[in-house]
Amino acid sequence: MLKNFFYNIDRVRGFVNKVIIILLILSAALLYTFGLSVVMDKLVVSNRIAESFLIVNSKFNTIVYSTIPIVIIIMLVLYVAILMLINREGSYIFQFGQINKIPQKRKFGLLKFSFIFVFILLILSFWFYYTVKNYYELLPSKIVRHNIIESKELTYNYGDIKYCDIKIKTRGKNDSKLVYNIKFNDGSSFDAAHNIYNEGSYIGAIGVLDNIILDKKIKKNIDKQNYYLLLNGKDEDEIKIYQRIFNE
């Protein structure tokens, strides 16, 4: 009976460890879902210039800063799980009328493992911060390309725009997206329709940009292929803006 008692202790401990890991995974999912928007709000939205009407990032940067948080969370979950396995207490055995504890074999390299983990975590954190802060901010009189290094920030006038490529990217009847690619004279470009944040409606901000492009008489290369697919499900006000954007 006493032997079974200590055997059950190990089973209960294993069950508790599994419950803890499951809770960590659920917490990680919630942290990623709600945490990323909070971080973006604090690092980008709250620091924007008051007159800006659209903030956009490159597709690569967007993929990076969206992926890194979940990678970090998974790393943290695995790190805690590994620590639980390394530091778990030894098993018990009932032998010759005595209760003896079977110690775990000594684990080497924990400090080295922790150092590598922290080093990778710092690199990922810096990469995340870099991609979040490396974005374009559009204002009525200029376009600013931000950078974590202030000396590398660039400011463009709308006269620095060579032309705009406007088209529809579609993956199916109900998955069509606007592409509003702005090409500068220095060779750099970005898709203004791929946005992080805008004040007011998304298409409303693109409409403001298009008005500026028209006022500045900047060349627009318009491709109307799949144009009507883009209008599916849009209300009357949105359709009017799209019609103006695709007006040659």
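The largest pocket has a volume of about 350 Å³. Here a pocket is an open set of points on a 1 Å grid with protein on both sides within 12 Å along at least five of seven lines, and lining residues have an atom within 4 Å of a point. Of its 16 lining residues, K169, K177, L178, A193 and H194 are the closest to the centre. Strand β8 (residues 176-184) gives the largest share of the lining, four residues.

This is a predicted model, in which local features need pLDDT of at least 70, side-chain atom pairs count only at pLDDT 80 or more, and totals for chains, interfaces and linings use all residues. Residues are numbered from 1 along each chain, and side-chain values use heavy atoms, without hydrogens or water.

Now turn to the helices. Helix α4 (residues 202-215) packs against helix α6 (residues 236-245) at about 30°, with axes 10 Å apart. The two are therefore roughly parallel, a label for angles under 35 degrees. Among the residues in contact (heavy atoms within 4.5 Å), I206 and L214 belong to α4, while I241 and I245 belong to α6.

Definitions and conventions:
Axes fitted to C-alpha atoms, helices over the stretch in contact; angles between N-to-C directions. Parallel < 35°, antiparallel > 145°, perpendicular 65-115°, else oblique. 1 Å grid on protein atoms, 1.4 Å probe; cavity = no way out; pocket = protein on both sides within 12 Å on 5 of 7 lines; lining within 4 Å. Points joined across faces, edges and corners; volume = space filled by probe spheres on them.
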